[in-house]
2 protein chains.
Amino acid sequence: MLVLITYDINITEAAGARRLRRVAKQCVNYGTRVQNSVFECQVDATQYARLKHLLLKEIDEEKDSLRFYSLGNRYNGKVEHFGVRRGLKVDEPLIL
Amino acid sequence: MLVLITYDINITEAAGARRLRRVAKQCVNYGTRVQNSVFECQVDATQYARLKHLLLKEIDEEKDSLRFYSLGNRYNGKVEHFGVRRGLKVDEPLIL
């Protein structure tokens, strides 16, 4: 299934910048960065649970915001993009 | 239906900061800011088309990124939030 992850990490302190790097790093392992703080991850239920667990360990729930949107498997036609692109879809063929 | 709007506006120039303010302002008119660059909008098809049109007029497609995710009407259970909250759901009762 496709899971959309969005986050706001409070970077007013140095520790925030560190959390931001770590959250992004975990997300990169599971999906595609489509915007600065938005990742699309193609995961099964086990991977989703693991990723959620990892991210919840990284954020400070008193300062940061983390959201998950489950888009299911039939997400074609539900997503529209305009403007500059960053990254490729996880399940998109890479044509070289 | 619930539409999720996410954007990255390139603010390396003053014109970018202006676009960012205008995009946020349009989104505020249609929904709730759940994170800095993430809005949830409860719209019908006509409102969705209008909002999309307005936002596409504001962004610079050479520099900015704008994404729409249609979550439909049955989105309960599809969205999970952790950490600090910003705003209320559009269809959530406001208890004072």
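Let's start with A:Y7 and A:F39: both of these residues are buried. Keep in mind that you're looking at a predicted model. So what do the two rings do in there? A:Y7 and A:F39 form an aromatic pair of the stacked kind, with 6.2 Å from centre to centre and 25° between the planes. Now trace the chain to see where the partners come from. A:Y7 belongs to strand β1 (residues 2-8) of chain A, while A:F39 belongs to strand β3 (residues 38-42) of chain A, so the pair links distant parts of the chain, 32 residues apart.

Next, hop over to chain B. How are the rings of B:Y7 and B:F39 arranged? Their centres are 6.2 Å apart and their planes meet at 25°, and because planes under 30 degrees apart count as stacked, this pair is stacked. Here B:Y7 sits in strand β1 (residues 2-8) of chain B and B:F39 in strand β3 (residues 38-42) of chain B, so the pair ties together parts that are 32 residues apart in sequence. Are these two buried or exposed? B:Y7 has 0% relative accessibility, so it counts as buried. B:F39 also comes out at 0% relative accessibility, which means it counts as buried too.

Zoom out a bit: over all chains, the structure holds six aromatic pairs. In chain B, the charged end of B:K52 sits over the ring of B:F68, 5.7 Å from the ring's centre.

Definitions and conventions:
Residues are numbered from 1 along each chain as its sequence is written. Chains are lettered from A and ligands numbered from 1 in the order in which they are written. This is a predicted model: local features need pLDDT of at least 70, side-chain atom pairs count only at pLDDT 80 or more; totals for chains, interfaces and linings use all residues. Side-chain values use heavy atoms; hydrogens and water are left out. Rings of Phe, Tyr and Trp (its six-membered ring) pair if their centres lie within 6.5 Å; planes under 30 degrees apart count as stacked, over 60 as edge-to-face and the rest as tilted. Helices (H or I, at least four residues) and strands (E, at least two) are DSSP runs, numbered from the N terminus. Buried means under 20% relative accessible area, exposed over 50%, partly exposed in between (1.4 Å probe, protein chains only). A charge sits over a ring if NZ of Lys or CZ of Arg is within 6 Å of the ring centre and within 35 degrees of the ring normal.
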